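Visitor: I would like a close look at a single part of this chain, followed by its surroundings.

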Amino acid sequence: MNDKSFDTENPHLRAALMRGLVSRRSAMMGAAGVSAAAFLAACGSAGKNPTTGAGGSGTAGAKTAAAAQDMSDTEKIINWSNWTEYIDVNDKTKARPTLDAFTKATGIKVNYTEDYLDNDEFYAKVRPLLQGGKDTGRDVWCSTDWMVARLIRQGYVQKLDLANIPNSANLEDSLRNVEFDPGRLYSLPWQSGFAGIGYNLKATGGKKIETMTQLLTDPALKGKVTLLTEMRDTVGLVMMEQGKDISKFTEADFQAAIDVIQQAKDAGQIKGFTGNEYTDGLAKGDIAACTAWTGDVVQLQFADQNIQYTLPQKGFTLWSDNFVIPALAKHKKNAEKLIDYYYDPKVMAQVEAYVNYIAPVKGTKDELVKIDKSLADNPLIVPPADVLARAQVFRGLTPAEETKFSKLYASITAG
């Protein structure tokens, strides 16, 4: 590591800055009404079921997704859409080692497309096809918790055949019975992560930034702070700072957090609101401190130890992105073989060594030690129990709350 310079030749830093060219998480976090003490229990929206009228966001009453004739036995391909910079890459050859190994072992070619830039944007692309009973051209993609809840309710994703995914037994126990998909019938997690506070010691004058109150009020940071455009992360962090449990907050609690953010903006404390394009400004010092996602900051730390990260003592948010197979996918069994492959801890460890998020697969830490012990010892990649005990996930929103809260937050982030 280099703790003195901004080294754009460092491959890990280049990867992190490339992530900042697009917002991978402008509409991220799903909402479960639970603490994460049991480990990574990220859940989906709990609004009124548009299909059945029932409350909650579980799978009861979900529409049945249409299935196409599975061509997996005769067509050895998989079409996988994913977020950008979200898989292992050989920085010299630009190959994707784990995907290449999968193809070599199975004979199945993976058409891997990084066209999932935002949950709502991607949904807008595929919904007209799904609604019209047409193939999306994709066999699998990775959606954030709350979006998975929506897709299940609308009958747009198929049940998984777990007989084709025996390695699903390696799923972390606490992720098995999430609110939006009890028993994991429709989805399996790809990656998880935290939202907390990132800062550059050079830009803060050596000062640690340890609380949201400090981030939003410290005069030394005025005009050099950014917040995430993702409402659930930013507002969730502020509510936890105010002593609220984000698994069961009220509308008044949400409004109180909005008021604090508005005050900080009016005072000139906030430079702007971002997706993960904050990585460039944070690395250069144009941004002194910001709300940030773990994987991005870990990547920046490879190049500069002045980049630091705080998981606030009063709590921080947690999310997951999840494999789903859409209705009318033509290569469902092949996609299930792919999911099974990534649920091998040896394979998942190779991915984590590059992307630096949190693995949902048991045994990954032991395999990661063999690759790079420092990564396995990093609490942002392999969180210990005391860290997980402070993590929370944002509760489910009703459709009315979703509309109202989003408008309130947009009124601050706009302009």
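Visitor: Which residues of β9 lie on one side and which on the other, and are they buried or exposed?

Guide: This is a predicted model, in which local features need pLDDT of at least 70 and side-chain atom pairs count only at pLDDT 80 or more, while totals for chains, interfaces and linings use all residues. Residues are numbered from 1 along each chain as its sequence is written, and side-chain values use heavy atoms, with hydrogens and water left out.

On one side of β9 are Ala289, Thr291 and Trp293, and on the other Cys290 and Ala292; all are buried, so that both faces are covered. Buried means under 20% relative accessible area, exposed over 50%, and partly exposed in between, with a 1.4 Å probe and protein chains only. Strands are DSSP runs of E with at least two residues and helices are runs of H or I with at least four, both numbered from the N terminus. In a regular strand the side chains alternate between the two faces of the sheet. Strand β9 covers residues 289–293, and because five of its five residues are buried, the strand is largely enclosed by the rest of the structure.

Next come the partners of β9. Two strands pair if DSSP finds at least two bridges between them. β6 runs antiparallel to β9, with five bridges, and glycine 198 is the residue opposite cysteine 290. Strand β7 (residues 225–228) pairs with β9 in the parallel sense over two bridges. Here threonine 226 is placed opposite cysteine 290.

Rings of Phe, Tyr and Trp (for Trp, the six-membered ring) pair if their centres lie within 6.5 Å; planes under 30 degrees apart count as stacked, over 60 as edge-to-face and the rest as tilted. This rule gives 21 aromatic pairs. In one of them, the ring centres of tryptophan 80 and tryptophan 190 are 5.5 Å apart and the planes stand at 90 degrees, so the pair is edge-to-face. Because tryptophan 80 belongs to strand β1 (residues 77–81) and tryptophan 190 to strand β6 (residues 188–200), the pair ties together parts 110 residues apart in sequence. Tryptophan 80 and tryptophan 190 are both buried. Tryptophan 190 also forms an edge-to-face pair with phenylalanine 323, at 5.3 Å centre to centre and 65 degrees between the planes. Phenylalanine 323 lies in strand β11 (residues 316–324) and tryptophan 190 in β6, so this pair ties together parts that are 133 residues apart in sequence. The relative accessible area is 0% for tryptophan 190 and 0% for phenylalanine 323. These residues belong to one aromatic cluster, whose members include Trp80, Trp190, Trp319, Phe323, Tyr341 and Tyr342.

Helix α11 is another enclosed element. It spans residues 345–355, and nine of its eleven residues are buried, so the helix is largely enclosed by the rest of the structure. Among the buried residues are Pro345, Met348, Glu352 and Tyr354. At the start of α11, a side-chain oxygen of aspartate 344 comes within 2.9 Å of the backbone nitrogen of lysine 346. Just after α11, asparagine 356 has a positive phi of about 65 degrees.

Charged groups remain. A salt bridge is a side-chain nitrogen of Lys or Arg within 4 Å of a carboxyl oxygen of Asp or Glu, and the count comes to 16. One of them joins aspartate 73 and lysine 333, with the closest N and O atoms 2.7 Å apart. This pair links distant parts of the chain, 260 residues apart: aspartate 73 is in the loop between α1 (11–19) and β1, and lysine 333 is in helix α10 (residues 332–342). Aspartate 73 is exposed, at 54% relative accessible area, whereas lysine 333 is partly exposed, at 25%. By contrast, arginine 395 and glutamate 401 are both buried; their salt bridge has its closest N and O atoms 2.7 Å apart. The charged end of arginine 395 also sits over the ring of phenylalanine 249, 4.3 Å from its centre. A charge sits over a ring if NZ of Lys or CZ of Arg is within 6 Å of the ring centre and within 35 degrees of the ring normal. Arginine 232 is placed in this way over the ring of tryptophan 146, its charged end 5.3 Å from the centre. Elsewhere, Asp115, Glu121, Lys125 and Arg138 are linked in a network of salt bridges.

Notes: A polar contact is a pair of N or O atoms within 3.5 Å; within protein, one must be able to donate a hydrogen and the other to accept it, and residues adjacent in sequence count only if both atoms are side-chain atoms.
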